[in-house]
Amino acid sequence: MNAHQPGAESGLSILTRQGHPDYLDLPWDRPLEQWHDVTERLIRVRRGLSRHVVRMVQYDGRVYALKETSQALAEHEYRVLRQLEDERLPAVRAVGVVSGRRAADGSELESVLITRFLDFALPYQYLFRTTSPSLLRDRLLDAAVVLFTRLHLEGVYWGDISLANILFRRDAGALMAYLVDAETAECRPALTDSLRAHDLAIGVENITGGLYDAIAGGLLEGDVDPVEITDDLVDRYHRVWAELTREDEISADERWRINERIQRLNAMGFDVEELSVVRSSDGSRLRIRPVVVEEGHAHLRLRKLTGLEVQENQARTLLNALDAYGLSLEHQAGGALPEAVKAYRWLSERYEPVIAAIPARYRDRLDDAQLIYEFIEHRNALSRAAGRQIENEEALVTFVNDVLDGLPKEKAIIDQEDEADPYDAFLRRTGETRSA
C-alpha cells in the first residue's frame with residue numbers, strides 16, 4: 001500500500017494499494033455531498049441505497065466508490081474486505097482509506113473508504129424494474145443464498161445482511177451476488193450455529209423490509225408476498241448448508257454414494273477439495289463429510305485451461321462450447337488432442353473472434369463472457385429453427401444486426417438519457433438519489 005501525505009499541516013493521509021490512482025486531484029477539503037460542481041471525475045452509476053454519503057469517481061475507465069464514514073469504521077471495513085479478497089469470496093475490492101481530512105475552515109471531516117466498483121453489477125431495485133418476479137423468486141434468491149452460505153462457511157459474520165448491501169451480476173441465465181458493505185462484518189475462525197441463525201434473522205428482517213419498500217415504490221407488484229419470499233430464502237439456505245456440511249453414514253460397500261455426494265455439490269457450483277472419510281471399527285460403515293469446499297468447480301477448470309476469469313454459470317457454458325469444439329478438432333485430427341491444445345484453439349479460433357466482431361458501441365451492454373453466452377444462445381436458437389448447425393460466421397450477422405441493440409446497457413456508468421426512469425423516482429421517494 002502507498003501512503004500519500006499531501007501536506008504535513010493538513011494531516012491528510014491517503015493510503016492506496018498498488019496499481020490504483022493516488023486520488024490527489026480530488027477535493028478532499030469538502031464533504032462528499034458537496035462534490036457535484038468541483039470535480040469532473042464524478043459520475044453516475046446504478047447502485048443501491050446507502051446510509052452513508054457515497055460518490056463514484058472514474059479514472060481511466062475504472063470506477064471507484066467513495067464512502068464517507070468514521071476513521072475506525074473505514075479502517076475496519078478495509079481490513080475485512082482485504083480478508084474476503086484473500087479468501088476469494090465474492091465482494092467488492094478494497095482500494096484505500098483517506099483520513100485526516102479537514103475543511104477550509106479547519107473543521108474535521110469524516111474519513112473515506114475507497115473500493116473498486118464492480119462493472120456490470122446491478123442493485124436489486126434495478127433488477128426488480130427490468131426482470132420478471134419469477135427471476136426474483138428463483139435466480140436472485142439462489143444467488144443471495146450462495147453468498148450467505150459461502151460467507152458463513154468461511155467464518156464471516158455479516159451482521160447486516162440485506163438486499164441493499166448486495167450487487168448482482170448476470171451469470172449465463174443466472175445471477176451471482178457480491179457483498180458491497182462490510183461495515184458490520186467480522187471474520188472468525190468459524191461461526192457457531194447460533195451466530196449463523198442470528199445473522200440470517202437479521203437478513204430476513206432487512207430483506208422483508210426492502211421488499212415492502214420495493215412494492216411501495218412501484219418496483220414490485222402488490223401481489224408479491226415478502227414474507228413468503230424470505231421464508232423461501234431461509235428454507236433454501238438450510239438445504240444448501242446441509243448439503244455442504246452434513247455428515248453421511250453409508251455402508252462400506254456403497255462407496256459410489258461418495259461420488260454422488262460430490263456430484264451434487266458440483267452441480268450446485270461447489271468444488272470439494274477435501275473429503276473426510278472415517279471407517280467404523282468393524283469396517284462395515286463409512287462416515288463422509290466435506291472438509292474443504294470452494295465455489296467454482298467450473299470456473300476453476302476454465303481458468304486453468306484458458307486464463308479466463310468468469311463466473312460459475314458462464315464458465316459452464318464456455319466449457320461446454322470448448323469441449324464441443326475440442327471433439328470437432330479431434331475428429332478432424334483423427335485422434336485425441338491434449339486439453340491445452342484444444343483450449344488454445346477454442347480461445348483463438350472461437351472465443352476471441354466473436355468478441356472482436358462485436359462493435360465497440362455495444363461493449364457496454366454486458367461483460368465479455370455474458371456476451372458470448374448470449375451469442376451461443378442465439379446461435380443455438382438459429383440452429384434449432386433451421387434444422388441444421390449454424391456456424392459462428394453466419395450467426396454473428398444476425399447477432400450484431402438484430403440482437404445486440406436490444407440488450408440492456410449494464411456497465412456501471414449511466415448515460416444522461418437514462419436520468420428520468422422509475423428507479424430514480426423510487427430512490428427519491430426513499431430519501432436517496434442515484435446521482436454520482
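This is a predicted model: local features need pLDDT of at least 70, side-chain atom pairs count only at pLDDT 80 or more; totals for chains, interfaces and linings use all residues.

**A strand pair to start with**

- Strands β9 (residues 166-171) and β10 (residues 174-179) run antiparallel, and 6 bridges join them.
- Check which way the side chains of β9 go: I166, F168 and R170 point one way, while L167, R169 and D171 point the other way.
- Both sets are buried, and with 6 of the 6 residues of β9 buried, the strand is largely enclosed by the rest of the structure.
- The hairpin has 2 residues between the strands, and A172 takes a positive phi near 50° there.

**Helices α8 and α10**

- Now jump to helix α8 (residues 312-333) and helix α10 (residues 368-386), which pack at an angle of about 55° with their axes 10 Å apart.
- That angle is why the two helices, α8 and α10, count as oblique to each other.
- The crossing of α8 past α10 is left-handed.
- On the α8 side, the contact is made by Q314, T317, L318 and A321; on the α10 side, A369, Q370, I372, Y373 and I376 take part.
- Sorted by class, this contact has 6 nonpolar residues, 3 polar ones and no charged ones.

**Zooming in on T317**

- T317 sits in helix α8, and its relative accessibility is 17%, so T317 counts as buried (the cut-off is under 20%).
- What does T317 touch, leaving aside its neighbours within four places in sequence? Its contacts are A172, Y373 and I376.
- A172 is the residue with the positive phi in the hairpin of β9 and β10, while Y373 and I376 belong to α10.
- T317 and A369 are 52 residues apart in sequence, and their C-alpha atoms are 9.3 Å apart in space.

- Y23 isn't a glycine, but its phi is positive, at about 60°.
- You'll find Y23 in the loop between β2 (13-16) and β3 (42-43).
- Is Y23 buried or exposed? Y23 is buried, with a relative accessible area of 0%.
- R88 is another residue other than glycine with a positive phi, near 60°.
- Look for R88 in the loop between α1 (71-86) and β6 (93-99).
- R88 has 42% relative accessibility, so R88 counts as partly exposed.

Terms used:
Residues are numbered from 1 along each chain as its sequence is written. Side-chain values use heavy atoms; hydrogens and water are left out. Axes are lines fitted to C-alpha atoms, for helices over the stretch in contact, and angles run from 0 to 180 degrees between N-to-C directions. Helices (H or I, at least four residues) and strands (E, at least two) are DSSP runs, numbered from the N terminus. Angles under 35 degrees count as roughly parallel, over 145 as roughly antiparallel, 65 to 115 as roughly perpendicular and the rest as oblique. A crossing is left-handed if the near helix is turned anticlockwise from the far one by less than a right angle, and right-handed if clockwise. Contact means heavy atoms within 4.5 Å. Ala, Val, Leu, Ile, Met, Phe, Trp, Tyr, Cys and Pro count as nonpolar, Asp, Glu, Lys and Arg as charged, and the others, Gly among them, as polar. Buried means under 20% relative accessible area, exposed over 50%, partly exposed in between (1.4 Å probe, protein chains only). Two strands pair if DSSP finds at least two bridges between them.
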